[in-house]
Amino acid sequence: MSELPLIAVTDSATCPRPLPEQIECLAKLPELRPQAVILRAKSLDKAAYRSLALQVQQSCEAAGIPLILHSDWQLAHELGVKRLHLPLALLRQLPTCERAYFTWLSTSVHSVEDAIEAQALGATVLIAGHIYTTQCKSGLAPRGLGFLQAVCSVVSLPVYAIGGIGFDAAQHGELQANEARGACVMSAYMKL
């Protein structure tokens with residue numbers, strides 16, 4: 001397996017078991033253990049997401065895997081979670097004084113312009129995609145490795161690739177050759 005750091009992105013729709021249990025399973029994978037977990041659950045309302053976050057936080061802490069909350073910076077504060085992923089539209093709205101609280105503040109970028117803006121807004125990590133064809137973006141052409149390389153070349157932040165990424169060492173090598181510092185994996189982690 002490659003040395004490319006991997007982040008698991010949750011998707012309860014494709015996961016064969018409850019997410020807290022899935023994280024316990026991921027923690028037991030010696031070569032595929034994720035560097036962190038992004039708790040993405042777009043279909044849940046705030047109360048349901050909070051409940052799930054509490055459960056997943058316990059699983060992550062027990063497994064020694066950092067948790068990255070998605071979209072809700074107030075909840076991150078409440079739970080003492082210092083890692084957050086915000087879509088770019090929400091990063092624009094995050095009060096400047098709140099940005100320093102987070103040790104990891106990632107955002108999704110879909111253009112070179114997005115990447116430049118995200119860096120200026122105080123993001124610490126960029127997630128660029130989608131790089132390869134993926135079922136999650138059915139019918140949408142991938143942006144490809146050239147896009148990844150272009151994003152990496154205009155920012156000083158670590159860039160993680162997303163979209164159609166599995167556990168293929170050759171694929172990881174391609175990502176690294178185009179300057180990705182890591183990759184986000186959803187389907188492959190959720191179907192284990």
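1. Let me start with H2, which lies across strand S2 (36–39) and S3, at about 170° to S3. Angles here run from 0 to 180 degrees between N-to-C directions, with axes as lines fitted to C-alpha atoms, for helices over the stretch in contact. Contact stands for heavy atoms within 4.5 Å. Helices (H or I, at least four residues) and strands (E, at least two) are DSSP runs, numbered from the N terminus.

2. Some ground rules. This is a predicted model, so local features need pLDDT of at least 70 and side-chain atom pairs count only at pLDDT 80 or more, while totals for chains, interfaces and linings use all residues. Residues are numbered from 1 along each chain as its sequence is written, and side-chain values use heavy atoms, with hydrogens and water left out.

3. Now the barrel. It is closed by 8 strands in the order S1-S2-S3-S4-S5-S6-S7-S8, with parallel pairing. On average, neighbouring strands of this sheet are turned by 25° against each other, direction ignored. Strands are taken to pair if DSSP finds at least two bridges between them.

4. Some of the pairings in detail. S3 and strand S4 (residues 83–86) run parallel and are joined by 2 bridges, with His70 opposite His85 in S4. Parallel too are S4 and strand S5 (residues 104–109), joined by 4 bridges; here Leu86 has Thr107 in S5 as its bridge partner.

5. S3, H3 and S4 form a β-α-β unit, and it is right-handed (with the strands pointing away from the viewer, the path from the first strand over the helix to the second runs clockwise).

6. What about charge pairs? The whole structure has 3 salt bridges, each a side-chain nitrogen of Lys or Arg within 4 Å of a carboxyl oxygen of Asp or Glu. One of them joins Asp72 and Lys46, at 3.2 Å from N to O. Asp72 sits in the loop between strand S3 (67–70) and helix H3 (73–79) and Lys46 in helix H2 (residues 46–63), so this pair ties together parts 26 residues apart in sequence. Asp72 is buried at 11% relative accessibility, whereas Lys46 is exposed at 59%. The cut-offs are under 20% relative accessible area for buried, over 50% for exposed, and partly exposed in between (1.4 Å probe, protein chains only).

7. Glu78 and Arg50 make another salt bridge, with their closest N and O atoms 2.4 Å apart. Glu78 belongs to helix H3 and Arg50 to helix H2, so parts 28 residues apart in sequence are tied together. Glu78 is partly exposed at 47%, and Arg50 is partly exposed at 34%.

8. Then there is Arg92 with Glu117, at 2.6 Å from N to O. Arg92 is partly exposed, at 42%, and Glu117 is partly exposed at 28%.

9. The largest nonpolar core has 67 residues, with Leu39, Leu69, Leu91, Leu126, Leu148 and Leu175 touching the most other members. H2 gives the most to this core, with 6 residues. By nonpolar core I mean a set of buried Ala, Val, Leu, Ile, Met, Phe, Trp, Tyr and Cys residues joined through side-chain atoms within 4.5 Å. Leaving aside neighbours within four places in sequence, the contacts of Leu126 include Thr107, Val109, Ala115, Val151 and Tyr160.
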